[in-house]
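Reader: Hello! I am new to this structure and would like to learn how to read it. Could we take it one feature at a time?

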Amino acid sequence: MLHIGCHLSSSNGFEAMGKTALSIGADTFQFFTRNPRGGRAKEIDPQDAARLLTLMKEHHFAPIIAHAPYTLNPASADAKTRDFALMTFADDLKRMEYVPGNLYNFHPGSHVGQGIDKGIELIIHTLNEILDPKQHTTVLLETMAGKGSEIGSRFDELKRIIDGVTHNELLGVCLDTCHVNDAGYSLVKLDETLTQFDKQVGLPLLKALHINDSLNPLGSHKDRHAPIGQGTIGTQTLANVINHPALKHLPFCLETPNNLDGYAREIKLLRGLYRE
Ligand code: FE
Ligand code: FE
Ligand code: ZN
């Protein structure tokens with residue numbers, strides 16, 4: 001069974017996202033916890049959250065992914081910016097307890113000239129502050145394209161962060177196909193890339209994938225997503241990703257430039273290419 005979904009708007013609440021997912025043939029989805037630029041989050045309606053959990057159970061959903069605002073930077077050189085990231089993460093994780101057992105994905109951060117070592121140290125510090133051994137959410141570090149001073153475009157950088165965190169049993173990784181391509185890891189040589197991931201991070205830590213084509217070539221460090229089959233990765237290579245024995249049980253989430261109809265078509269396309 002292929003678990004696949006896409007990024008959805010959270011503006012109408014939890015249950016609405018579940019229903020939208022069903023209407024486009026999805027059995028997982030991703031949403032921003034608040035405006036992607038940060039700012040205040042809407043109050044959670046506990047009954048709305050409970051209704052989503054019921055819907056997910058009835059329809060055998062895979063875990064869903066909450067995405068942190070992508071502008072937050074726990075590796076910033078500015079203490080106020082780091083504090084803001086920390087408070088937002090902590091608040092998001094508190095809110096995720098209304099939908100326990102799911103995933104919270106974030107971009108590790110950009111070191112903005114301080115260097116990778118300093119950036120990693122700051123990210124570890126933030127994670128050690130916000131992770132609570134009593135929480136029911138797995139926090140995922142996303143593999144990055146390596147645009148600007150982004151941390152996490154190399155697998156060993158993710159591993160160094162994970163190793164530095166006290167409660168790293170609460171951590172995992174989300175592999176974004178556009179990002180790893182742009183970072184220079186070949187998806188054509190998928191076995192090689194996954195072997196490298198396994199050696200440097202460990203395949204059991206991989207909890208979800210973002211399935212995107214890329215507008216740019218291998219190693220371009222750009223991060224521009226393309227619809228499936230309209231980028232440099234291509235449909236066949238992405239079909240190999242969803243069918244790989246080490247990956248095929250994981251939730252896949254589309255973040256391609258699309259409206260709902262486009263997402264429904266891509267979900268149908270990928271379901272058609274999946275081998276049970
Ligand atoms: Fe992301
Ligand atoms: Fe992504
Ligand atoms: Zn991206």
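Author: Gladly! Let us begin with aromatic rings: rings of Phe, Tyr and Trp pair if their centres lie within 6.5 Å. This is a predicted model, and the structure holds seven aromatic pairs.

Reader: How is a pair of aromatic rings described?

Author: A pair is described by the distance of the centres and the angle of the planes. Take Phe 155 and Tyr 185: their rings are stacked, with 3.8 Å from centre to centre and 5 degrees between the planes. Phe 155 belongs to helix H5, while Tyr 185 sits in the loop between H6 and helix H7, 30 residues apart.

Reader: Is Phe 155 buried or exposed?

Author: Buried means under 20% relative accessible area. Phe 155 counts as buried because its relative accessibility is 1%, and Tyr 185, at 3%, is buried too.

Reader: Why is the pair of Phe 155 and Phe 197 called edge-to-face?

Author: Planes over 60 degrees apart count as edge-to-face. The planes of Phe 155 and Phe 197 stand at 80 degrees, with the centres 5.1 Å apart, so this pair is edge-to-face. Phe 155 is in helix H5 and Phe 197 in helix H7, so the pair ties together parts 42 residues apart in sequence.

Reader: And the metals? Which residues are the protein donors of the zinc ion (ligand 3)?

Author: They are His 179, Asp 223 and His 225, lying 1.9 to 2.3 Å from the zinc ion. His 179 lies in helix H6, and Asp 223 in the loop between strands E10 and E11, 44 residues apart. Both His 179 and Asp 223 are buried. The iron ion (ligand 1) is 5.2 Å from the zinc ion (ligand 3).

Technical notes. Residues are numbered from 1 along each chain as its sequence is written. Chains are lettered from A and ligands numbered from 1 in the order in which they are written. This is a predicted model: local features need pLDDT of at least 70, side-chain atom pairs count only at pLDDT 80 or more; totals for chains, interfaces and linings use all residues. Side-chain values use heavy atoms; hydrogens and water are left out. Donors are N, O and S atoms within 2.8 Å of the metal (3.2 Å for Na, K and Ca); water is not among the atoms, so sites may look incomplete. Helices (H or I, at least four residues) and strands (E, at least two) are DSSP runs, numbered from the N terminus. Buried means under 20% relative accessible area, exposed over 50%, partly exposed in between (1.4 Å probe, protein chains only). Rings of Phe, Tyr and Trp (its six-membered ring) pair if their centres lie within 6.5 Å; planes under 30 degrees apart count as stacked, over 60 as edge-to-face and the rest as tilted.
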